[in-house]
Amino acid sequence: AVARGGYCAAKGNTRLDGSAITAGSFLNLAFNQPLSDSHYSGATIAIFVAGKGLTCDPPPASFKRNGFASSATDNVPDGVYPLYTP
């Protein structure tokens, strides 16, 4: 099985059929796929917002970056997703 991760689409990303993907859309891709698949070039790793989970939406204004989400508390791989908490 290929490990998958949450990414946020970049401007110019397309589906396999060539149709446009809206920039900022959440993508479920293989880890590092944006590095080798031109359809998703420039896509960035999603963020983890406490109380919401993985997202491409900006965190609430009162939330601050607090390291990275973890497998122990957030059920995601350690050190991958920036964590935002109140």
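Mentor: Start with Asp 57. Its relative accessible area is 40%, so Asp 57 is partly exposed. Keep in mind that this is a predicted model.
Trainee: Which side chain does Asp 57 meet in a salt bridge?
Mentor: That of Lys 52. The N to O distance is 2.7 Å.
Trainee: And how many salt bridges does the count come to?
Mentor: The count comes to 1 salt bridge.
Trainee: New topic: disulfides. How many does a search of the whole structure find?
Mentor: The search finds 1 disulfide. Cys 8 and Cys 56 form it, with sulfur atoms 2.1 Å apart.
Trainee: Where do the two cysteines lie?
Mentor: Cys 8 is in strand β1, and Cys 56 is in the loop between β5 (53-55) and β6 (64-68). So the pair ties together parts 48 residues apart in sequence.
Trainee: Is Cys 8 buried or exposed?
Mentor: Cys 8 counts as buried, at 10% relative accessibility. Cys 56 counts as partly exposed, at 22%. The cut-off for buried is under 20%.
Trainee: Why is the disulfide called left-handed?
Mentor: Because the torsion about the S-S bond of Cys 8 and Cys 56 is about -100°.
Trainee: Now the sheet. What is the strand order?
Mentor: The order is β2-β1-β3, in an open sheet with antiparallel pairing. β2 (26-30) and β3 (44-45) are at the edges with a single partner strand each, so one side of each lacks a neighbour in the sheet.
Trainee: How many bridges pair β1 with β3?
Mentor: Strand β1 (residues 4-8) pairs with β3 over 2 bridges. Tyr 7 stands opposite Ile 45 in β3.

Technical notes. Residues are numbered from 1 along each chain as its sequence is written. This is a predicted model: local features need pLDDT of at least 70, side-chain atom pairs count only at pLDDT 80 or more; totals for chains, interfaces and linings use all residues. Side-chain values use heavy atoms; hydrogens and water are left out. A salt bridge is a side-chain nitrogen of Lys or Arg within 4 Å of a carboxyl oxygen of Asp or Glu. Buried means under 20% relative accessible area, exposed over 50%, partly exposed in between (1.4 Å probe, protein chains only). Two strands pair if DSSP finds at least two bridges between them. Helices (H or I, at least four residues) and strands (E, at least two) are DSSP runs, numbered from the N terminus. A disulfide is a pair of cysteine sulfur atoms within 2.5 Å.
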